[in-house]
Every structure is written in C-alpha cells, then in structure tokens.
Amino acid sequence: MAEAMRQINPDVVAAYPITPATEVVQIFAGYVADGLVKTEFVPVESEHSAMSACIGSAAAGGRTMTGTSSQGLALMAEMLYIAAGLRLPIVMADVNRALSSPINIHCDHSDTMMVKESGWIQIFSENCQEAYDNMLQAIRIAEKAKLPVMVTTDGFIISHGMERLEILSDADAKAFVGEYKPEYYLLNFEKPITVGALDLTDYYFEHKRQQIEAIKDSKQIILDVAGEFGAKFGREYGLFEKYKMDGAEIVIVAMGSTAGTAKVVVDGLRSKGVKAGLVKPRIFRPFPKEELAESLKGMKAIAVMDRSDSMNAQEGPLALEIKAALYDAPAGSCRTVLSYIYGLGGREIKLEDIELVYNDLSEASKGKAKPKVSYLGVRE
Amino acid sequence: MSIQNREKKPGWKELPEGDLIIGGGTASGFKTGDWRSKRPIFLKDKCIHCLTCWVYCPDSAIIVQDGKVIGYDYDHCKGCGICYHECPVKGKAIRMISEKEAKAKNTVIAKAEGPKQP
C-alpha cells in the first residue's frame, strides 16, 4: 500500500501510527525523507488530528491520503463523518484490526464495521495484490464520486505477510490516477467558498440527501474505474467476486483474506463433486444489494462469514445485509442463511473450519435444521 | 445561504454539493442585528476618534470614514457593549439604551454607508 502511495505521490499525508497500520505510513515517510515523493508529510499527535488535517488539506485542494486501524479509526470516527459530509476525496488505508476491549492487535473486521455508517466507500482486499490495486483505483473513485474511500486489508494476515504481487510502472500508475482537479477548493481565490458551515433544521436533510445520492451513484463509478483498470492492466475487479459459482448449490459469502482460504476449500470440494461456491464481496459500502442477491440466486444454502459481531444479539453485520438483500430479491430466493462469526481478535481460521461450514451447508441444503448463528473457532 | 428567502427554499438538487457555500464575504448577508437587547448610541460631539471602539468591536459594526467614527452598522451590531466599556472618554461617547426603548421611540440614528455587500 505504501508502494501505491509512492506512485500516487499525494499532496499531503497526515497520519498517526497504530499497529498493524504503522508500516504503511512509516515506509511512506521513508519515501518522503528520501525525496522519492513530493508529499507534505504531517506527523500529528493523534488519529483524530490526522483526519482533521486530512480534511483541511483536502478542502484546500490537495490530494490527501492516510492510514490507520482499529482504535485509531475509532478515535477519528467523528471526523470520518465530517469528511464524508464535506464530500472530500480522502483515501485511507484501513488495516483491519479488532477493536478493544480487550486490547487486541490482530485481525478482525470490527473496526471497519464500526464506521460503515460514516458515508465512506469501503473496499475489502483479499490479498496484497488487491490492496495495491484498490489503492490506485480508490483515488479515481474518490475524486469522481467526491466521497472518501477506505481500502481495507486484513491486519497481520495480509499486512505483515510476504506475498508476491505485480506492480505497475510508475508512469502507468501516475497516468491511471491522473491529476486532481477539484471544482471548488479553499486555495482557489478566484472562487472563494465557505467549507463546513452550520445547517439548521431547514437544510441538513437536503445536504444529506445529496450525500445519499452520491453514495448511490458511486456504485457505477466503482464499476467504471474497475473496468478501466481491467482493460489497461489485465486484472479484473467488480463489486464482488464469484468463485466457482456456476452450478453451485452451497455457497459461503466472506470478505477479506478468509475468502482466499475458502477458495482452496472450494477447489477441494469441487474436485470431490460437491457443488460448492464462494461469493467474495469487495465493495461493502455502497452495499451492492441487488447484485449480490442476483449472484445468490438458486442457492440451496448460504453461509455468511462475519469477522465481527454487531452486538445486536442476532447475526453478524454482513449476514444481516445479505438477508435483507435476499428478502427484497424476487420470490423464490434462498431463505436458508446461516451466520458464522469467526476469527475475532485474529483467531485463526483454518481450512478445516471452512470445510465444517460447507458440511453444515450440505446438511442444511438437505433440510436439516442448523443453528442460525454459530461461533466458529471459539472454545466453549 | 441568506436567511432572507424564507418562502421558497432550494431543494437538494439545487444546492451546491458538500454543504459548500459559494462566494466570499457571505457573513455580511446574515443580519445579526436583530439579536440585540441593548443598542449603542453614538454621541458624536463627545467622540475623540481614538478608534478604540472600532478596534475592539467583535462584529466590525463600527463604521469609520476618513479616520473618523461616523456611526454603527445596526444590521450587524449585537449590542455586546464592549465599545461602551472601552471608550476612554470621560462620561463616554457612547450610550447604551435598551433595544425595546430604541424601537419604541423609533430612534433613527444616522446610518452611514455600510461595508460593500458582495
């Protein structure tokens, strides 16, 4: 992700370290010190200040980026809403880490889920390649949609793992992200503006309605940017990925690195003749409801794996949204949806665990009653 | 956004995006003068034009022309009384009267040309 940032060469990066996101910005700071980028690097005293500084920079007209995790994301939460409300195209590397308490530095999706209502576009990466590609696409998405984007990646699993990836040449990356040309910005003295004014009861709703329309429109922008990326560089992206879904009857829906593990399980099951498939949502916000429901058409049983719990005494956040998608889908959609909460606080999710899920799905598809919510991997 | 257009307010499609307000100096369009509960009256004959009141006024509501104080911008004066408090003249060159009284008496105070509106 730092490499992508180097190629993007943003105007400003304001950030505060937190494990496991530190390296992204730390390595980038090294590039700044070595003169490889022309970025104005602002070391701030907290994540709240980091996002505040980013908002200031973006409002002034600078291409702005940052990175954080977990508690840092939580600390800047109020500013995230502000960045989205002010329609500033900030791009953040969000390295998924569990929220305290208990204090835990390992991977789970609770941090990203906490801020899913903030108005930021949320992109989930399965591996290093996706993290890199998503950072580049995020710049284009953010600037076209006029909405901030967080590119997430699994803490430690991906952020601190060794993987091979293909990067673009500096020239290609630079040409792809292009130049930032905001219509209104504070440093434009020809067209002065006021940013961050007060709205009373008579205007707030209208401004929010604009923001709602913007996040709805961003879905097409995401597809357009992905299409351009795929055409130019050969790696295809969409709203989600369908893995061996042709003729599948039992399917897991999972985001992030777990999807990668699940693919191995699917391969194994398919070779044994089991009609298993995988749907890996890439874009969580905006939630591609209709498209996901369409991809799950004809399934006999669906398992949704959530790497966080909503604490709603029900199922996980992704499971909830998938169920809603199926509820609103045409009649005859699969109604057997099992929620699996797994991997909290970095609890390892193994091939055997995923095989267990497919076993449950197999039984469920034959009519056997299965618990609506299961906690995969916890010691009872 | 000016608060003068109370009848027909713009819909969400008409507003600039990102709750931006386009244009500079827009605060002068917002008349805060009706917040007053006390009104300062300029006593021209006692004024020594030291401009202390003008320096201290938090709303830039004291009008100065050619280095001399000529009156108040009552559209924006909030009646805080800092000018009265800071006036160094013995007996003060400013008198604070209640806004109710001022309105009742329909006191007309010479209002010189205000700052340029955008």
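## A walk through the two chains

Helices α3(A) and α5(A) are roughly parallel to each other, because angles under 35 degrees count that way and their axes cross at roughly 15°. Keep in mind that what you're looking at is a predicted model. To find the pair, look for residues 47–60 of chain A, which make up α3, and residues 77–85 of chain A, which make up α5. Their axes come within 8 Å, and α3(A) passes α5(A) in a left-handed crossing. On the α3(A) side, the contact is made by A:His48, A:Met51, A:Ser52 and A:Ile55. Facing them from α5(A) are A:Met79, A:Leu80, A:Ile82 and A:Ala83. Sort these contact residues by class and you get 6 nonpolar, 2 polar and no charged ones.

Now for another helix pair in chain A. Helix α7 (residues 128–145) packs against helix α9 (residues 204–233) at an angle of about 135°, with the axes 9 Å apart. That angle makes α7(A) oblique to α9(A), and the crossing is right-handed. From α7(A), the residues making the contact are A:Asp133, A:Gln137, A:Arg140, A:Ile141, A:Lys144 and A:Ala145. The α9(A) side brings in A:Ala214, A:Asp217, A:Ser218, A:Ile221, A:Ile222, A:Val225, A:Ala226 and A:Phe229. By class, the contact of α7(A) with α9(A) has 8 nonpolar, 2 polar and 4 charged residues.

Next, the sheet. In chain A, 6 strands line up as β8-β10-β9-β12-β13-β14, forming an open sheet with mixed pairing. At the edges stand β8 (240–243) and β14 (373–376) of chain A; each has a single partner strand, so one side of each is left without a neighbour in the sheet. Ignoring direction, neighbouring strands are turned by 20° against each other on average.

Let's zoom in on strand β9 of chain A, residues 250–253. A:Ile250 and A:Ile252 point one way, A:Val251 and A:Val253 point the other way, and all are buried. This strand runs parallel to β10(A) (residues 276–281), and 4 bridges join the two. Follow A:Ile252 across and you'll land on its bridge partner in β10(A), A:Leu278. Over by β14(A), strand β13 (residues 337–342) of chain A pairs with β14(A) in the parallel sense, over 4 bridges. There, A:Tyr340 stands opposite A:Ser374 of β14(A).

Helices lie across these strands too. Helix α10 of chain A (residues 257–271) lies across β8, β9, β10 and β12 (301–306), running at about 165° to β10(A). Helix α13 of chain A (residues 351–365) lies across β9, β10, β12, β13 and β14, and runs at about 150° to β12(A).

So far we've stayed in chain A; where does chain B come in? Between the chains, 14 residues of chain B are in contact with 17 residues of chain A. The chain B side of this meeting has 6 nonpolar, 5 polar and 3 charged residues.

Key
Residues are numbered from 1 along each chain as its sequence is written. Chains are lettered from A and ligands numbered from 1 in the order in which they are written. This is a predicted model: local features need pLDDT of at least 70, side-chain atom pairs count only at pLDDT 80 or more; totals for chains, interfaces and linings use all residues. Axes are lines fitted to C-alpha atoms, for helices over the stretch in contact, and angles run from 0 to 180 degrees between N-to-C directions. Angles under 35 degrees count as roughly parallel, over 145 as roughly antiparallel, 65 to 115 as roughly perpendicular and the rest as oblique. A crossing is left-handed if the near helix is turned anticlockwise from the far one by less than a right angle, and right-handed if clockwise. Two residues are in contact if their C-beta atoms, placed from the backbone, lie within 7 Å. Ala, Val, Leu, Ile, Met, Phe, Trp, Tyr, Cys and Pro count as nonpolar, Asp, Glu, Lys and Arg as charged, and the others, Gly among them, as polar. A residue is buried if 20 or more other C-beta atoms lie within 10 Å of its own, exposed if 12 or fewer, and partly exposed in between; C-beta atoms are placed from the backbone. Two strands pair if DSSP finds at least two bridges between them.
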